[in-house]
Amino acid sequence: MTAGTIFHKTRVPLRIWFLAIFFVARHKQGISALLLQRDTGIGSYQTAWTLLHKVRSSLWHRAGHRLRGWVEADETYVGAERERGLRGGREVGHKTIVAVAVEQRRHTAGSARLAVLEGVSFERDPGPSLRGAIDAHQAAVRTDGFYGYLPLEEVGVTHDRHIQGTDRARSSDILPWSHTIFSNLKAWILGTFRGVSNKHMPRYLDEFSYRFNRGWREKELFGFVLNRAVQGEPFPYSRLTAELFG
């Protein structure tokens, strides 16, 4: 019965899998491999780490579900503290560029998408990521004054651009939900995992946004994630460690 799912050829008891899925689904802060190993008695850290990544691998965004209405778009840097020799701004260094697109509603946020970018060139980085997340016919994109989003109008996307100026506090007024998500994401990564590598960041982003998008259905999340796990394809350790993103 487990063939063709993320449980394919597993030697870990399904009871442990179900515990891991429950922790990922119901704990707002998720769970680290070290804590999963300790709390379930899994024999090795590698096994616990692999199990959690297999669960995350099933939490990808469905291509047919696009963002609509007013959509905030922004980017931030996740990872290392400010590195010596960098001028600030949009120099990357050892950090990871993370982009967000989130529906902006009157009193709350709608659905969100998070993605890793290799750079900030519209044609190669934020452009394809954003256009893949939104329904261009039913969405209008709101951004700060960053030049990387200027070509949106040229590709047929309604663009509402707000220049922040020298007052940094204005950025949270322009893009309130983007800043909330970034703040929570950084606190989650630092607090639960003590850091995440660029290579595996996309799966952590999938976990975070999957939980964020269904936070109002918290009691149903275990069933949702379990259903995804059954639908997910086998994800062997060799693929997990060999794959490259970007």
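The side chain of T76 makes a polar contact with the side chain of K186, at 2.9 Å (a polar contact is a pair of N or O atoms within 3.5 Å; within protein, one must be able to donate a hydrogen and the other to accept it, and residues adjacent in sequence count only if both atoms are side-chain atoms). This is a predicted model, in which local features need pLDDT of at least 70 and side-chain atom pairs count only at pLDDT 80 or more, while totals for chains, interfaces and linings use all residues. Residues are numbered from 1 along each chain as its sequence is written, and side-chain values use heavy atoms, with hydrogens and water left out.

**Around T76**
- T76 lies in strand β1 (residues 67–78); helices (H or I, at least four residues) and strands (E, at least two) are DSSP runs, numbered from the N terminus.
- With a relative accessible area of 11%, T76 is buried (buried means under 20% relative accessible area, exposed over 50%, partly exposed in between, with a 1.4 Å probe and protein chains only).
- Setting aside neighbours within four places in sequence, T76 is in contact with T96, I97, V98, F182 and K186, where contact means heavy atoms within 4.5 Å.

**Around I181**
- Helix α6 (residues 176–193) holds I181, which counts as buried at 1% relative accessibility.
- Neighbours within four places in sequence aside, I181 is in contact with V100, V102, A112, L114, F208 and F212.
- I181 and S209 are 28 residues apart along the chain, and their C-alpha atoms are separated by 9.1 Å.

**Helix α4**
- In helix α4 (residues 126–133), the buried residues are P126, G127, L130 and A133.
- Those buried residues fall within an arc of 140° seen down the axis of α4, so they line one face of the helix (the arc is that of the directions from the helix axis to the C-beta atoms).
- As background, an α-helix has 3.6 residues a turn, so residues three or four places apart point the same way.
- The cover over the buried residues of α4 includes β1, β2, β3 (109–117) and β4 (134–143).

**Aromatic rings**
- Rings of Phe, Tyr and Trp (its six-membered ring) pair if their centres lie within 6.5 Å; planes under 30 degrees apart count as stacked, over 60 as edge-to-face and the rest as tilted.
- By this rule there are ten aromatic pairs.
- F22 and F23 form an edge-to-face pair, because their ring centres are 6.2 Å apart and their planes stand at 65°.
- F22 is partly exposed at 32% relative accessibility, whereas F23 is buried at 13%.
- The pair of W49 and Y237 is also edge-to-face, with centres 6.4 Å apart and planes at 75°.
- This pair links distant parts of the chain, as W49 in helix α3 (residues 45–56) and Y237 in helix α9 (residues 237–242) are 188 residues apart.
- W49 counts as buried at 15% relative accessibility, and Y237 as partly exposed at 34%.
- One aromatic cluster is formed by W188, F193, Y204 and F208.

**Charges over rings**
- R142 lies over the face of W70, at 4.2 Å from the ring centre (a charge sits over a ring if NZ of Lys or CZ of Arg is within 6 Å of the ring centre and within 35 degrees of the ring normal).
- R228 lies over the face of W60, at 5.0 Å from the ring centre.

**Confidence**
- The protein has a mean pLDDT of 88, and 90% of its residues reach 70 or more; pLDDT is the predictor's confidence in each residue, from 0 to 100.
- Among the elements, helix α5 (residues 170–174) has the lowest mean pLDDT (77) and strand β2 (residues 96–104) the highest (96).
- Over residues 82–89 pLDDT stays under 50.
- Where pLDDT is low, the predicted coordinates should not be read in detail.
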